[in-house]
Each structure stands twice: as C-alpha cells, then as structure tokens.
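I opened my notebook for another look at a fold. Here is what I looked up, in the order I went.

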Amino acid sequence: MYVRAALGAGLIAAAGVMVSAVPSAAAAPTGTGCPPAWTLRSVESLAATGNAPVPGRVDAAGNNDGYVCAHPLPDSTCTSFIVTLDLPACPVETIYLYLDNRLSP
C-alpha cells in the first residue's frame, strides 16, 4: 500500500512538473506573473494543504520567490489515481497544475 501511495504521489508530482515546463503561449501574464484563470499561491500555503514538493520545485526552477501560479483541476482528475493505484481517496484535496510566476508579486 505504501509503495502505491508513494507512486501516486510521484505521478502527481511528475504531472505537475511536466505541466509547469510548458506554459501556455496564448495566455498573457497579468501583474502577478500568472496567466488568466490561474491564482498566485505561496509555496508554503500549498505545502500546508499536502501539495508538496512540486510547487517548491517549480518555484526553485523559476524565480525562487516563494510563489507559483496554480490552476485547480476538477475533482474527477484524481479518479484515475484512485482506481489505478487502489487508493482509498485522492492524496490531496485539490490537484493543481503549476507554473512559476515569472514576475515578482
């Protein structure tokens, strides 16, 4: 069970890192450095909700200011992790896509 949970967290982490490396060319940054429909979130606040270590890695690879852009995915996103890894529930309340905020807040 622990191996599956670790694998699931790794898959979620890998998905966050892969998405963070491909910013949308169509979405123009706002004053926060985040595209429209994305929210500026502190790495600390995301870690407090169980969304670690991906936000910190995305921030460290970017401007390392302690903030990232986060976009929540629908609850149904976790279904494949639950089914594939035989988890009792999603490992986090909300799964996000992450981008570094290229501008300082």
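**Entry 1, a polar contact.** I began with one atom pair in this predicted model. The backbone nitrogen of N63 sits 2.9 Å from a polar atom of the D100 side chain.

Is D100 buried or exposed? I found a relative accessible area of 7%, under the 20% cut-off, so D100 counts as buried. Next I listed what D100 touches, leaving out residues up to four places away in sequence: G33, V58, D59, G62, N63, Y67 and C69. N63, from my opening entry, is among them.

Which strand does β3, residues 96–100, join? Its partner is β2, through 5 bridges, and the two run antiparallel. Within this pairing I noted C69 bridged to L99 of β3; C69 had already turned up among the contacts of D100. On I went to β1, residues 39–42, which pairs with β2, residues 67–72, in the antiparallel sense over 4 bridges. Here T39 stands opposite A70 of β2.

The chain has an average pLDDT of 77, and 69% of the residues score at least 70. Over residues 1–11 the pLDDT is below 50, and this stretch has 10 contacts beyond near neighbours in sequence. Residues 13–30 also fall below 50, with 20 such contacts in the model. Where pLDDT is low, predicted coordinates should not be read in detail.

Definitions and conventions
Residues numbered from 1 in each chain as written. Predicted model: local features only at pLDDT ≥ 70, side-chain atom pairs only at ≥ 80, totals over all residues. Heavy atoms only, no water. Pairing = 2+ DSSP bridges. Buried < 20%, exposed > 50% of the residue type's maximum accessible area, 1.4 Å probe, protein only. Polar contact = N/O pair within 3.5 Å; in protein donor to acceptor, adjacent residues only side chain to side chain. Contact = heavy atoms within 4.5 Å. pLDDT = per-residue confidence, 0-100.
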